[in-house]
Amino acid sequence: MNRNLIEILAPAGGMDSVIAAVRSGADAVYVGAKAFSARASAHNFDENELRECVRYCHQRGVKVHLALNTLIFDDEMADALKLVKTAAKADIDALIIQDLGLVSLVKKTVPDLPLHASTQLSVHTPYGVRALYEMGFERVVLSRELSLEEIREIREFCPEVELEVFVHGALCMCVSGQCYFSAMLGGRSANRGMCAQPCRLPMKYGDNDHALSLKDNGSLQYLRELQEMGIASAKIEGRMKRPEYVAAATKAACEARDLGFITEPTAEKLRSVFSRTGFTDGYLRGEIGEKMFGFRQKSDVVSANSQLLKEIRAGYKDEAQRVPVRFEFSAVTGEVMELTVDDGEHRVRVNSEKAVEKALHVALSEDRAKQSLSKTGNTPYKVTKFTAAISPDAAVSAAELNALRRKALEQLGEKREICHNYEIKEIDIEKELSDENQVSDQKRAVVRTFELPESMRDFDMIFVDVFGLDDLDKLKEIRKNGFAVGVEAPRATFGNEKKVFERLKTLKENGVRDLLAHNIGAVYMGKALGFHVHAGFGMNIANSYTLKWAKEYGIESAVLSVEADLDHIEMIKKCIPVGIVRYGYLPLMITRNAPAGESCKNKGYLQDRKNERFPVVRREGYSEIYNCVPLLMPQKDYPLDRKVMGDFLFTVENSVDNMENTMRKIQENSDFERKTHGLYLRGVKKFIIC
């Protein structure tokens, strides 16, 4: 691939989609394994299928990226690392990762395997990208919600790392990696690749009856602009979609890049094969609002009829001759024939089994030799240069020429299959962890307001939203009154990171020492400013290895993932103090586009088919959608008492009375009218590990 061209990265849920992508012009494909993939419902690849996929792609000059982009629990880490070694033996080109605990294990096991930071890490800021680059990621897959200007700012801030941008396919309403809707409602975790997509069901907010369903991303027209910006890869979403969709989207992407436009027949096929009432480019244009919403209707379904699918399949039924080769042929009477094939990187020389005989009637001409040897139609190779040295009386049959060509190209294919030859080391992952197990019974609160009830005076820390700490005199007053105050960074800072950085800097200068951070960008800022950094639940820390990474990175405490059940929390070796959410209306989604677009109120309610009401709160630059009932840690027979910190989230109850009444109920073990124990008891659906 030309280094100056943006990579066309296509999805593949199975081998039929791999073939469709490659024959339609993809430069790389990304696939999943049978476990630890963020698209668990796709066919995905077992060990043999993965080897076949890599072999097929490498022979055709196409890269293969394996998505191992889910949260991993302690009792699964050995299997995850085993999968990494399997992938390395198959010679994949890169590993896409979400769980930061896996990173150090991969680096020790397969040091040279390139790592790509998954979009599930919710990275959408310059500091976030810089942090991942310094951690050793070669590429960062950016959040889908960014505008072209925000992507350009990231590119200029961190030019050393490759950036990957989604240009076509499904848009989740929620920022990837921060959706707990499916997990909380039915145990099917989006962070584990098992999302049930409740967002596509009717959800009403104001006049919008599908207030969580966005149209598909249709941003292929920006490929050349992204290419000029220095973006490495244009990514198509769709590992769960049919091969015909993959082919149509890949072909459209190639046309957009190579021609500067998409031809109308290709555009029509792309619209018809799958859409949700059309496409949107709202995020890249920076025009967020009501026009971005859409859902799959009957007219969208019937447009993908059998005739259309047949036409698309016809476009990739034949092998694409995408690998240029040079042939050097020798046929000297009395000597064995010789054919040398050169693809610019590999060179193969083969000989015939018997010597060339003298012609009794018709001798072999150079034109006939070239015509026969250039018949590579059922292979990925195309002869671009042919030179020959042929005796004027040489007698060679077409069958002999064909056999020589097949032999040479087979050997060339074998050489092209293996690109890396990774060194794979064996490590004992249990020895990577210490037996240290810190105990902490601290009690902390997260609030949005300075108005605090007296019952919170004995809290070890109260984290206040960074934009709620704008009155420095009030801050001094509540600290003087005995409240221990820290600051909570926003869970999303789209185009807003500089402002947040300056606000944090001011707070640090005014005596605030502790920062609660929910993403890697906020952690990076906190470290740069000298805060005591504490990881929030948005960091999705779910195992001992990620907790070890957090300690080594300078994080002083961590709230564990809300998707970890009590058994998994007990497994974690607590090298730093850990906490859980003891109480709070849990944010089920972070959204950049509000459920009613720009007309969305600062606070309202989303209503589902069962008339449950989910609070929606606008923040600076994003919205949070909260569960309809509060999360309450089981009060009886609580096995983690005095072992872990308890965080109390008062992010919806902003009045002193509400917080006071809630605290009294919790302290008195009074029951709540409605509540959920979340996933602490039932957990999330587990992988079937083959």
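I began with the charges, and found that the mean positions of the 97 positive and 100 negative charges of the chain lie 3 Å apart; Lys and Arg count as positive and Asp and Glu as negative, with His and the chain ends not counted, and each charge is placed at NZ of Lys, CZ of Arg, CG of Asp or CD of Glu.

I note that this is a predicted model, in which local features need pLDDT of at least 70 and side-chain atom pairs count only at pLDDT 80 or more, while totals for chains, interfaces and linings use all residues. Residues are numbered from 1 along each chain as its sequence is written, and side-chain values use heavy atoms, with hydrogens and water left out.

I then looked up the extent of the fold: the C-alpha trace of the chain spans about 110 × 55 × 45 Å along its principal axes.

Next I checked burial, and buried residues (under 20% relative accessible area, with a 1.4 Å probe and protein chains only) make up 60% of the 690 residues in the chain.

I turned to the nonpolar cores, each a set of buried Ala, Val, Leu, Ile, Met, Phe, Trp, Tyr and Cys residues joined through side-chain atoms within 4.5 Å. The largest has 205 residues, and those with the most contacts inside it are Val31, Leu95, Leu132 and Met456. Helix H9 (residues 243-258) gives the largest share of this core, nine residues; helices are DSSP runs of H or I with at least four residues, numbered from the N terminus. A second, separate core of 24 residues includes Val323, Ala331, Ala369 and Ala394.

Last, I followed Leu95: leaving aside neighbours within four places in sequence, its contacts (heavy atoms within 4.5 Å) include Leu66, Leu68, Val84 and His116.

Key: Buried < 20%, exposed > 50% of the residue type's maximum accessible area, 1.4 Å probe, protein only. Helix = DSSP H or I, 4+ residues; strand = E, 2+ residues; numbered from the N terminus.
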